[in-house]
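Here is a guided walk through one protein model. Keep the sequence and the structure in view as you read.

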Amino acid sequence: MGQHRSNWMCPTALLSLYGFFANCRPAEPFLTPYLLGHKNISGHVVTNYLFPIWTYSYLAVLPLIFLLTDMLRYKPLVVLQGLFLVSNYLLLCFAFDLVALTYLQFNFAMVTSTEVAYFSYIYSVIPAEQYQRATAYVRSAMLTGFTFGATMGQMLISLADLSYFTVNAITLAFMGIAFLVSFSLPMPRHGMYFGTGPGASTYPLNEVTEATDRMSGREEMKGAVSRWYSKERMRFAARQMWENLRESYSTKRLVYWSLWWALATANYGQVFNYVQVMWDQIAPSSTSSIYNGGVEAVCTLVGAVAAFLVGYMRVRWEVWGELFLGVFSAVGAGSVFLTGLSTNIWLSYTGYVIFKASYMFLITITTFQIAANLSMECYALTFGINTFVALALQTVLTAVVVDHSGLGLDIVTQFIIYGSCYTAISLLFLFRGLYTAGSYYYTSRESAETRTADKT
C-alpha cells in the first residue's frame, strides 16, 4: 500500500513543485511597463509589432510541440519549457536591441506551447484512479505559484521600491529552480498515441522508475527509436487519432461546448495580452503607482474560487449549460467594455477582475463537460484541437486588428472590438441555450401528457 502510494505521490509532488516555481513570475504583471521604461521601447512597437510575433510563433510551433510531446514522452518537453523560461528572463534582463526582443517573443511562444506537456505529463505516470486528485494538486500548485509570484512582485515594486530589472532578476532565479526541478521528474514509459498499440511497452505505470533504472541509456534509446518511428506505429497512431477525433465531436452538444471554448479563449487571449498596454495608457507607469501584480493575484484567487464552486453546483448542464455560457459571456462582454472604456484605472482593474473570473468559471464548466463525456485520449486530442482553433482565431484577430501591417488600431478601439466579439458569443449561446431549454421543456411536457393519456 505504501509503495503504491509513493508511486503516484512522488511524480505528482515533483510536477507540482515544478509548476509552482515555473509559474512564480513576480515580473510578469509588469512586462509592459518594463519594456516601455527600462527597455525604452515605444508603445506602438510593443503593441503593434512585438506582441503579435508571439501569437504567430505560438500558432506555428503548437502542432509540432503537441506531437513531439507524445512522441518524446512528455518529460523532455517539460525540461525544454524550463530551459526556455530561463532564457526568456535572461533576455528580459540583458537584451536591449529590437532583434533580441523580437526573438524573445518566439522564445516565450515556446514556453506557452510546451504547457501541454506540463498538463498531460502526470497522466502518463500515475494510475487512472488517481487522475482527479493528481490534477487537483498540479493545478493548485500552478495557481498558488502564480498568485504568490504576482503578490510578491507587487510588494517588491510598491513596498520595497525595487526596480523592474531587479524583479526580473528575482524571477530569473525562480525559473532556474524550476529548470533544475524538471530533471528530477521520472521518465514515462510510453506516450498516449506513439507508445501504445502493437509493440508497446508492457511495463505497468507504477514500475516506470524501476524499469528505466534497469535499462542502460543506449539500450533504451535504441528500443525507443524502433518503437516510436516504425511504420506500423505511425499508422496505428494516425488511426487512433482519427477514431478519437470522430468520438470527440460526435454530438452537437460537444461541438457547441468546443465552439465556445475556441471563440472565448481567442478573445480572452487578446484581452490578457494587451490589458497591460491599456492600463499604461489610463495611468502611465512613468508617472503613476501601478498595481498590476495585486490585480492579477486577486483575479487568480477569485477565478479559483469560482472554478471551485463549479464542483458543488447541481445543474442539469445538458439543459442549462449553453444558457450559462450565454449569460456569463454577456457578463464578460460588459466587463471588457468596462476595462477598455474606463478612464479610471480602478474601474478598469475591476472590469478585468470580473472578466477573468467569469472566463475561469465558464472554462471550468466547459472542460468538465467535455471531459465527462470522453475518454482521456479523446479529451487530450480535443484539448489540443480546441486550443489550436482558438489560437488560429486569435492570430486572425491579431493580424487584422493589432499588427502594424494590418489595421494597427489603437488600444481602446481594440478593446471595443474584443468586447463586441464577446457580445456576439453571448448572443449566439443565449439563443442556442433558450432553444435547448425550450426543446427540453416541450419534450418533457409532451412526454408527461403522453403518459397521462396512456394511464386514462
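Start with Q154, which sits in helix α7 (residues 131-158). Helices here are DSSP runs of H or I with at least four residues, strands are runs of E with at least two, and both are numbered from the N terminus. The model is predicted, so local features need pLDDT of at least 70 and side-chain atom pairs pLDDT 80 or more, while totals for chains, interfaces and linings use all residues. Residues are numbered from 1 along each chain as its sequence is written, and side-chain values use heavy atoms, without hydrogens or water.

Q154 has 9% relative accessibility, so it counts as buried. Buried means under 20% relative accessible area, exposed over 50%, and partly exposed in between, with a 1.4 Å probe and protein chains only. Beyond its neighbours within four places in sequence, Q154 touches F30, L159, I290, Y291, N292, G293 and G294. Contact means heavy atoms within 4.5 Å.

Now move to S329, in helix α14 (residues 317-341). Its relative accessibility is 0%, so S329 is buried. Leaving aside neighbours within four places in sequence, S329 meets W260, L362, Y422, I425 and S426.

Step back to the whole chain. It has 17 helices and zero strands. Of its 456 residues, 51% count as buried. Among contacts between residues at least 6 apart in sequence, 85% join residues at least 24 apart.

Next, the helix pairs. The axes of α3 (residues 43-71) and α12 (residues 252-282) come within 11 Å and cross at roughly 160°. Axes are lines fitted to C-alpha atoms, for helices over the stretch in contact, and angles run from 0 to 180 degrees between N-to-C directions. α3 and α12 are therefore roughly antiparallel. Angles over 145 degrees count as roughly antiparallel, under 35 as roughly parallel, 65 to 115 as roughly perpendicular, and the rest as oblique. In α3, T47, F51, P52, W54 and T55 meet N273, Y274 and V277 of α12.

α3 also meets helix α5 (residues 98-113): their axes come within 8 Å and cross at roughly 40°. This pair is therefore oblique.
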